[in-house]
Amino acid sequence: MSKIPADRDFYLATAEEIRAGRTTDVYFRRTMDILKKVGKDREPVAAEVTTGGLPNGWPWGIFCGLEEVVHLLQGKAVSLWSVPEGSLFSPRTARGIPVPLLSLEGPYGEWAIYETPLLGLVCQASGIATKAARIRKIAGRKEVFSFGVRRMHPSIAPLIERAVFLGGLDGITTPLGAEILGVPAVGTMPHSLTILLGGPREAFLALQKHLEKRVPRIALVDTYYDEKTEALIATETIPDLAGVRLDTPSSRRGNLAAIVREVRWELDLRGHRDAKIYVSGAIDEKSIPSLLAAGVDGFGIGTSLSNAPTIDFALDIVELRGKPVAKRGKFGGRKELLRCPEDGTFEVDTRTCPRCGGAMAPGHVQYLDRGATASPLPSPAAVRSRVLQELERVSSAT
Ligand SMILES: [Zn+2]
């Protein structure tokens, strides 16, 4: 029996353990042992990543996690082509062929034990990025911040924050995420500040006096009293009030949109027309439209983002020694992915866009050539811009 290392205080795999294939499903290792014994471990194969469908009947997804896949396979004798990170895709082309979002080519033994981590990297990140992009689409130009890190294991906080930022959201909350993404972390006060200082007036006065000057003053106004009461205390104690946040508990919620309208009225009445109203707490796609109509300026969204359904991608061998192969239910042979630059339509082995009749362009970018960098990876800001551009192509989240 193997010993649990004494230094494993947290249950997370290190980068070294992932690179060593220790998070693979063991059947890949056993397969490699067998293939080596019969001298077939270096067979040249091509494989493709596709999905049969998206969670909850979503019509489109955002492909995310590619940068980590490139890092995983760098230095292996593997060539990798993929749609760029942040691409908006449908599971199938207009002709009903599964879209090969990512293609690998190389000796099977070079990447066999990485199938498990490769899929994990793109499945989870794409699920979160897609959810973020859907919320971005529904919330229009209003601000949306990610509050969901606390619902997941802290070791994946950077993954969550990168995926939501790439998906088009405006802000994340952890110092580590901020450092990795090159954006400021957002947030001012939790309920505990009001509790520790004895009430909202004391908390807001301290916030006004001691919070770093460059951070906009946003007061959390639902700790002890009615949202309107605490919002008025905020206007009395914070001269340059940037906004208020309603995190109204579910037991008091009633009609949150009506509460927002009332708070808006009272803030305006007292000359705080510029003070924004933010809402947080169990916000999801369905609750956003009525809150927008009530005048909400921004949203803090937590669990529904970080707990977004994972996208069920699969990696399948489609070519062996240059000959098309495929298991039942899959389309064999390497496919040339093409995309219409005008409307974003994906198709395989077809030069003319089935939707607009225009000329198709290459859909894949080669990122690795036998393990060496073939194209540079874009910055998080550039991927986010791509997502926002792609979202212009779709009329809604549904
Ligand atoms: Zn077209």
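Select Phe313 to begin: this residue is buried, with a relative accessibility of 3% (buried means under 20% relative accessible area, exposed over 50%, and partly exposed in between, with a 1.4 Å probe and protein chains only). The model is predicted, so local features need pLDDT of at least 70 and side-chain atom pairs count only at pLDDT 80 or more, while totals for chains, interfaces and linings use all residues. Residues are numbered from 1 along each chain as its sequence is written, and side-chain values use heavy atoms, with hydrogens and water left out.

**Aromatic pairs**

Rings of Phe, Tyr and Trp (its six-membered ring) pair if their centres lie within 6.5 Å; planes under 30 degrees apart count as stacked, over 60 as edge-to-face and the rest as tilted. The count by this rule is 6 aromatic pairs. Helices (H or I, at least four residues) and strands (E, at least two) are DSSP runs, numbered from the N terminus. Phe63 is buried, at 0% relative accessibility.

Next, select Tyr108 and Trp111, an edge-to-face pair at 5.1 Å centre to centre, again with 80 degrees between the planes. About one helical turn separates Tyr108 and Trp111, because they are 3 residues apart in helix α4 (residues 108–111). Both Tyr108 and Trp111 are buried. Then return to Phe63 and Phe313 and display Phe89 as well; Phe63, Phe89 and Phe313 form one aromatic cluster.

**Helix α6**

Select residues 157–166, helix α6, where 9 of the 10 residues are buried. Among the buried residues are Leu159, Ile160, Glu161, Arg162 and Phe165. To see what covers them, display elements including α3 (66–73), α5 (115–139), β6 (143–146), α7 (175–181), α13 (303–306) and α14 (380–391). Just after α6, Gly168 has a positive phi of about 110 degrees.

**Asp222**

Move to Asp222, in the loop between β7 (217–220) and α10 (227–237). Asp222 is buried yet has no salt bridge, and Arg245, the nearest side chain of opposite charge, is 6.4 Å away. A salt bridge here is a side-chain nitrogen of Lys or Arg within 4 Å of a carboxyl oxygen of Asp or Glu; Lys and Arg count as positive and Asp and Glu as negative, while His and the chain ends are not counted. The side chain of Asp222 does make a polar contact with the side chain of His191, at 3.0 Å (a pair of N or O atoms within 3.5 Å; within protein, one must be able to donate a hydrogen and the other to accept it, and residues adjacent in sequence count only if both atoms are side-chain atoms).

**The zinc site**

Finally, select the zinc ion together with its protein donors: Cys340 (SG), Asp343 (OD), Asp343 (OD), Cys353 (SG) and Cys356 (SG), lying 2.1 to 2.7 Å from the ion. Donors are N, O and S atoms within 2.8 Å of the metal (3.2 Å for Na, K and Ca); water is not among the atoms, so sites may look incomplete. Along the chain, the donors of the zinc ion follow the spacing C-x2-D-x9-C-x2-C. Cys353 is buried, with a relative accessible area of 3%, whereas Cys356 is partly exposed at 42% relative accessibility.

Notes. Contact = heavy atoms within 4.5 Å.
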